[in-house]
2 protein chains.
Amino acid sequence: MRRWNGWGDSAVEYGLHADALAFLRARVGEGARVEDAGFEAVCAAAPPSRLPSFGSVDRTPQTRVLNALGQSLPDWLRLRYGDIGPVPDGVAFPESDGEVRVLLDFARSVDAIVIPHGGGTSVAGHLAVPAGERPVLSINLTRMRALLNLDRQSQLATFGAGVYGPDLEAQLRAHGYTLGHFPQSFEYSTLGGWIVTRSSGQQSLRYGRIEQMYAGGRVQTPRGALAIPTFPASAAGTDLRELVLGSEGRIGILTEATVRVSRLPEREAFHAVFFPNWDAAEAAVRELAQARLPLSMLRLSNALETVTMLTLAGHARLIGLLERYLVLRGCGEGKCMLMFGFSGTHSDYRHAVRAALRISRARGGVHVGTRMGEKWKQNRFRTVYLRNAAWEQGYAIDTVETAVDWPRVKPMMQAVEQAAVAAFAQYGERVHTYTHLSHLYAQGASVYTTFVFRLAGRYEVDLARWRTLKAAVSQAIVAQGGTISHQHGVGSDHAPYLAAEKGEAGVAALRALFAHFDPDGRMNPGKLVQP
Amino acid sequence: MRRWNGWGDSAVEYGLHADALAFLRARVGEGARVEDAGFEAVCAAAPPSRLPSFGSVDRTPQTRVLNALGQSLPDWLRLRYGDIGPVPDGVAFPESDGEVRVLLDFARSVDAIVIPHGGGTSVAGHLAVPAGERPVLSINLTRMRALLNLDRQSQLATFGAGVYGPDLEAQLRAHGYTLGHFPQSFEYSTLGGWIVTRSSGQQSLRYGRIEQMYAGGRVQTPRGALAIPTFPASAAGTDLRELVLGSEGRIGILTEATVRVSRLPEREAFHAVFFPNWDAAEAAVRELAQARLPLSMLRLSNALETVTMLTLAGHARLIGLLERYLVLRGCGEGKCMLMFGFSGTHSDYRHAVRAALRISRARGGVHVGTRMGEKWKQNRFRTVYLRNAAWEQGYAIDTVETAVDWPRVKPMMQAVEQAAVAAFAQYGERVHTYTHLSHLYAQGASVYTTFVFRLAGRYEVDLARWRTLKAAVSQAIVAQGGTISHQHGVGSDHAPYLAAEKGEAGVAALRALFAHFDPDGRMNPGKLVQP
């Protein structure tokens, strides 16, 4: 069963072993364990629904609480401390495009705000329920999960937009296909959610970002349906898909999406290479990205992330052996780990790995084979469960991510980490912070930074500290010329920083666009673009 | 010097040799030679300018006539027959973003319509001057041509938007880079024009469409400047670049553009492969496109285009030898020629060519080496000069193009060709029509059809015939589910068919967007989206 106040399935435990815990304590001190609020107590505190009865709209407090929040750290604080704030007045579970239409018409008839709900994995406040007079209807799309059409010749698959990642892949796999979109939230995020937040998966180097996969489909807007046909490419004016991508519910609800799929790869492998230091590693990945090799993934950890990953891996003796070997090969303190992935044909595999290792070696890279990569692959959707284990030990984990052109990659990494350290120093606290480049482009890279810090054990204090952290790192991102999000979207948490990259003229254009589709300001107001 | 009433430089002749002419006569009959109108006579007929004197705005009839039209067939008819229709009231040649701003403010002050002018190579009526009361200012951007910045690490180059293709490539080549965008109009089209019409070049398989190259820049709109910063990727809501791409002047004027460039390739080659028939060839190119090989180009001619190209090539004896060899290898009547291109490293070259030939052979493909490809490469920007030579012999050449998912590629090709034949049959005329797939995608292909027919020798008759043709083939494209343009844009000629693919809801959204940026309907009105 899915956890109501944490990540993932309650049957899955991904614990912190003793060495990892000791490492963490040494870095930030002993955590404060919080006694979690109970589900029933939280539900009992939910205010009565302001929506009239309609069809199968669920107005029970349980369902409303379960659909109230996402997975951001402030969302967690609310759930764990039991201070949940506004919840939707009802939750609908439509099973078709037509039912979504009916629900939008109902929302208009009672002047309700509508919040589309996919997998509920947002880490940017996309699902936040605004306080105010208008009732709030959450439309949960996860019953719209069928593979509606598969065009094998064109490699196009049409799904209900609420399909979860594993369900989508299973339905495709039965026919010999894959979408190849694997964000870390994969287990619980949905196709529609990926599209409206411009998601990027771990193997985007081969399969592309969701922008490249999304070929067309249907959107129900307050103004009526938008049907977007599929073309391989078009020069006919503005691409309507681009009005849907990243729209975060503001123009309507994505009900069906056609995506570009691929045949299942003959071979998949993940290799690890260590570099003596950051500068050598960064030069190597830049060259790898610009060489356009048929790799599926490049993921470069900085020195502290490398240490952290090796420590978390357990197997201290084996890791010790590896580290002694690496020292002999020139990779001692300050070493950085690169993971590169391949997905494709046997013949492309040989070519790509040979070329990748040639480029790596020229920068001092030491190849250690595929064993660590296999381990990483096995755990790639499980490491996020660490948030649960850390919380139970009194620690919070949060992340931010951006993307920036190459000359600013290293300054960005340093600025974000330093901003976090300074933010916690104000409270006399330490933060364990480390970074990786998760998506590599010829032009630059995404910069993904993790923060681990101990809880204070009081809702207001922890929320205040998070706000300080979030503001500090967001300001650092903006100051260094990065986008406020490379893969998580804007939601409410990043909305204050949007104008820095879009400009006032850009934000005004988005407002005009949203007002066109949604003249009553009904669709997920306050997200993406602030009023 | 550039031809005022035809394609390209007047010093370049690309003639029809006797065999080619005989071939054409056999297919469609003897052409009617037209006596071209003289430049000075056309200028003398231009009405007086309705614009007041302003800065260096050029109001001479000569400059106004030279900036009045593009390169579509109806544009040619107007120029050649001397029935030129409305011309702009003045032409400005700004040299900076700031000067464009001043010109837009001037246009507002006199309530003028503004038509941005790049290289004047539109084949879809993007430059048509509307009849009406408002004066019309053409803003010719070709003096904004400098390389303003080159970021080698991120492989980003910023240019003035009016830079011509060869100038852009020469400036990049001096630093060891290429953009790799080679539309057939390359010699006279501009970077800004490519972006606002969503152009696609011959080597898009490697370098991408202009959409993938365009990284940011500046746009001057009636509402002020839109400055779009560069990021390798972003999930921060709607991508503002997408509001500029394909906007065809409707939201403002692109003044500076930053594009993603590549290092000059170590090796470039074009191979020819013949297939016994269309179905085998189509299956092969579909497989090639879906194999994601590092090729730069795939271009498949249907049987009649193959015959036409072989005939136009001259060298009858050599071609005869080739054809006898091909017959022995199973490629007789109905054979189809594939040209595939490579651009990249030596190591990628071996890998890509080996894989491409393996896939081709499995479908009966006969590889004939790189000699025909070299010839094609030499002439790739010269074949368009055939329009001049054909006109002089009394023939017109026109093309249409679309893109469609794989199951509809062959039906589309047949429908477009048949629609053209039927259109001319109404006039008791024949048309020589043939097709190639110019851009190949995993999802489908562009379908590019050429029409050669003889002139009637009277403006009204030839214009009426063209209108019949254009309507017939456009309706066929729409009926077969294709986009109204894969690479030429919409302009005025394709605008009536836009709603078929965008839907009324989509067109309404575009109208709202344009009205936001351009509340007075000043920017290139009537293009892309009809009033």
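**Figure 1. The loop of chain B that holds B:Asp111.** B:Asp111 sits in the loop that runs between helix H5 (97-109) and strand E2 (113-117) of chain B. The model shown here and in the other views is predicted. Although B:Asp111 is not a glycine, its phi is positive, at about 50 degrees. B:Asp111 is partly exposed, with a relative accessible area of 36%. Its side chain forms a salt bridge with that of B:Arg134, at 3.0 Å from N to O. This pair links distant parts of the chain, 23 residues apart, with B:Arg134 placed in the loop between E2 and strand E3 (136-140) of chain B. B:Arg134 is also partly exposed, at 23% relative accessibility.

**Figure 2. A salt-bridge network that includes A:Asp111.** In chain A, a network of salt bridges links A:Asp111, A:Arg134, A:Asp520 and A:Arg522. Over all chains, the count of salt bridges comes to 46.

**Figure 3. The salt bridge between A:Asp97 and A:Arg218.** The side chains of A:Asp97 and A:Arg218 form a salt bridge with an N to O distance of 3.0 Å. The two residues belong to distant parts of the chain, 121 residues apart: A:Asp97 is in helix H5 (residues 97-109) of chain A, and A:Arg218 is in strand E7 (residues 214-221) of chain A. A:Asp97 counts as buried because its relative accessibility is 10%, under the 20% cut-off. A:Arg218 counts as partly exposed, at 27% relative accessibility.

**Figure 4. The salt bridge between B:Arg3 and B:Glu13.** The side chains of B:Arg3 and B:Glu13 meet in a salt bridge of 3.7 Å, N to O. Both B:Arg3 and B:Glu13 lie in the segment before helix H1 (18-28) of chain B, so the pair ties together parts that are ten residues apart in sequence. B:Arg3 is buried, with a relative accessible area of 14%, whereas B:Glu13 counts as exposed, at 51% relative accessibility.

Figure 5. An unreviewed UniProt entry places the feature "binding site" at A:Arg387. A:Arg387 is part of helix H16 (residues 386-392) of chain A. The residue is buried, with a relative accessible area of 14%. When its neighbours within four places in sequence are left aside, A:Arg387 is in contact with A:Gln71, A:Ser72, A:Leu73, A:Trp76 and A:Ile397. For A:Gln71, the backbone oxygen lies 2.9 Å from a polar atom of the A:Arg387 side chain.

**Figure 6. A:Gln155 in a loop between two strands.** A:Gln155 is found in the loop between strand E4 (147-151) and strand E5 (156-160) of chain A. Its phi is near 55 degrees, a positive value in a residue other than glycine. A:Gln155 is buried, with a relative accessible area of 5%.

**Figure 7. A:Ala170 and A:Arg145.** A:Ala170 belongs to helix H6 (residues 165-173) of chain A. With a relative accessible area of 46%, A:Ala170 is partly exposed. From C-alpha to C-alpha, A:Ala170 and A:Arg145 are 12 Å apart in space, and they are 25 residues apart in sequence.

How values were computed: Residues are numbered from 1 along each chain as its sequence is written. Chains are lettered from A and ligands numbered from 1 in the order in which they are written. This is a predicted model: local features need pLDDT of at least 70, side-chain atom pairs count only at pLDDT 80 or more; totals for chains, interfaces and linings use all residues. Side-chain values use heavy atoms; hydrogens and water are left out. UniProt positions are given in the numbering used here, feature names are shortened, and annotations may be inferred rather than shown by experiment. Helices (H or I, at least four residues) and strands (E, at least two) are DSSP runs, numbered from the N terminus. Buried means under 20% relative accessible area, exposed over 50%, partly exposed in between (1.4 Å probe, protein chains only). Contact means heavy atoms within 4.5 Å. A polar contact is a pair of N or O atoms within 3.5 Å; within protein, one must be able to donate a hydrogen and the other to accept it, and residues adjacent in sequence count only if both atoms are side-chain atoms. A salt bridge is a side-chain nitrogen of Lys or Arg within 4 Å of a carboxyl oxygen of Asp or Glu.
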